[in-house]
Amino acid sequence: MKRIGVSGKALLLLESFLSNRKQRVVLNGQNSDWLDIKAGVPQGSILGPLFFLIYINDIPDNLKSHVKLFADDISLFSEILDPVVSANELNNDLKEIENWSFNWRMEFNPDPLKQATEVLFTRKKTNVNHPNLIFNGAILNRVSSQKHLGLILDDKLSFNDHISFKLSKARKGIANLRRLFHLVPRKTLITIYKSFIRPYLDYCDIIYSKPNNNSFTENIESVQYNAALAITGAIKGSSKDKLYQELGLERLSERRWINRLSAFFKILNTKAPAYLFKLIPSVTNSYQTRSIYNIPMVYSRTEAFKYSFIPNTIFEWNNLDATIKNSKSLDTFKSCILKFVRPKPNLTYSVFNPLGMKHLTRLRLGLSHLREHKFKHNFQDTINPTCNCSLSVESNVHFFLHCQNFSNERQIFLNNLSNIDIDIANFNDNTLVELLLYGSSLFDDRTNNTILTLTISFILATKRFEGNLF
């Protein structure tokens, strides 16, 4: 406490708070004996976390290698120019930590499942003969990957382990969306996806992103595509662009682009740690000039570095319009670039009919039981798009307005539309079907709700979409 400037009555008060403390265990009404607490800080107190940080804050004082502290986690790292020199430096630091642990009665890694480990990060194809590191009398176990603040770093910095883990978590969430499909409105499903599934893939995406790797991009994008299928009930093979338009979702690759540029904006506007700002090549000493003109590109010897955060984001930043780069705030900056990538969603006007909305969405997307849709998507059981009524191609327009198989259902449908003062004579066929599928800005939400409800009633009454698709 004295070392950080606490003195006088404040120091006496904290000394009294921390002194002569005891602890015991209470289990099923039985109490253990009281024991003196000779080290550590009171658990469960408001000041406890702060006291703990003060307690361990002097660990790096005598260390030569780089060190990062986060709560009770400590990471040492060293750039290996000479394996022997680096190993000696790290071993000396590990010994210093042992001594600190002994002096301050703080045992490291009492849990055998959380022992200290070593990762040797290198992209070299030949193995580096790195001497062993020793801590508490035991050789550190060398592992291929390690988690740091939720980001799994593998020894090749490919981030494959991290992506595989996050994709697995996200897919489990999508399975839950499918279970909820018939129970909650679409708006709720979208909220669940954005709040509990998409964050798995957003976290640290500015680090693991690989803009030049199409297979990587599509592998991650498949998660959002499957989530969109689960939310809408659409059929696999539906247009990704139409599906995302339906829900108002931008691609995950576009989100990574936005997140990188947003992080870069924060760095340039000194809203991020200063050491990140120092990584940006200087234009002039004036930030105002820096934001207007292009930032010098960073020379990249390898593809991996070229598409890493700093070089790639400088390239993307230089392609932005100056008015966007000079946004007054991060929120303004984000809203400007979001306009380029986020589609305006198709509205459902609070209609809650999961089965009906599923069939309506399939008609919107152009992949349903209708023969035109199946023919265009090369279904083997559909050799031509002609309706079985033999009048014409079984399209959306034909199904809603002309198919003789559903004349009675259509007459009821059109009569109900007339009851809400919609003069269908004023619409041509394509415009009328557009109204039936999407509603219209010409009407208020209540009227549009009625239109979609009647459309769904007609769809279900025809029983055209019952049974398997093939």
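A: One definition before we start: helices and strands here are DSSP runs, numbered from the N terminus. The model is a predicted one.
Q: Okay. Where is phenylalanine 159?
A: Phenylalanine 159 sits in the loop between E12 and H4.
Q: Is phenylalanine 159 buried or exposed?
A: Buried. The cut-off for that is under 20% relative accessible area. Phenylalanine 159 has 9% relative accessibility, so it counts as buried.
Q: What about its phi?
A: Phenylalanine 159 has a positive phi, about 65°, and it is not a glycine. Cysteine 204 is also not a glycine and has a positive phi of about 65°.
Q: And where is cysteine 204?
A: In the loop between H5 and helix H6, which covers 205-208.
Q: New topic. Which residues touch the most other members of the largest nonpolar core?
A: That core has 32 residues. Leu177, Tyr193, Leu201, Tyr208, Ile220, Ile231 and Leu243 touch the most other members.
Q: Which elements give two or more residues to this core?
A: Strand E12 (151-154), helix H4 (160-180), helix H5 (186-202), helix H7 (214-232) and H8. H7 gives the most, with 9 residues.
Q: Why would such residues group together?
A: In soluble globular proteins, nonpolar side chains tend to be buried together.
Q: What is leucine 243 in contact with?
A: Leaving aside neighbours within four places in sequence, leucine 243 is in contact with Tyr225, Ala228, Leu229, Thr232, Ala234 and Leu365.
Q: What lies apart from this core?
A: Another core, of 30 residues. Tyr349, Phe400, Cys403 and Leu454 are among them.
Q: What does the side chain of lysine 240 make a polar contact with?
A: The side chain of glutamate 218, at 3.1 Å. Beyond neighbours within four places in sequence, lysine 240 is in contact with Glu218, Glu221, Tyr225 and Arg251.
Q: Last one. How do the axes of H20 and H21 cross?
A: At roughly 100°. H20 covers residues 429-438, H21 covers residues 445-462, and their axes come within 7 Å. That angle makes H20 roughly perpendicular to H21.
Q: Which residues make the contact?
A: H20 uses Leu435, Leu436, Leu437 and Tyr438, and H21 uses Ile451, Leu452 and Thr455.
Q: How many of these are nonpolar, polar or charged?
A: The contact of H20 with H21 has 6 nonpolar residues, 1 polar and no charged.

Definitions and conventions
Residues numbered from 1 in each chain as written. Predicted model: local features only at pLDDT ≥ 70, side-chain atom pairs only at ≥ 80, totals over all residues. Heavy atoms only, no water. Axes fitted to C-alpha atoms, helices over the stretch in contact; angles between N-to-C directions. Helix = DSSP H or I, 4+ residues; strand = E, 2+ residues; numbered from the N terminus. Parallel < 35°, antiparallel > 145°, perpendicular 65-115°, else oblique. Contact = heavy atoms within 4.5 Å. Nonpolar A, V, L, I, M, F, W, Y, C, P; charged D, E, K, R; others polar. Polar contact = N/O pair within 3.5 Å; in protein donor to acceptor, adjacent residues only side chain to side chain. Core = buried A, V, L, I, M, F, W, Y, C linked by side-chain atoms within 4.5 Å. Buried < 20%, exposed > 50% of the residue type's maximum accessible area, 1.4 Å probe, protein only.
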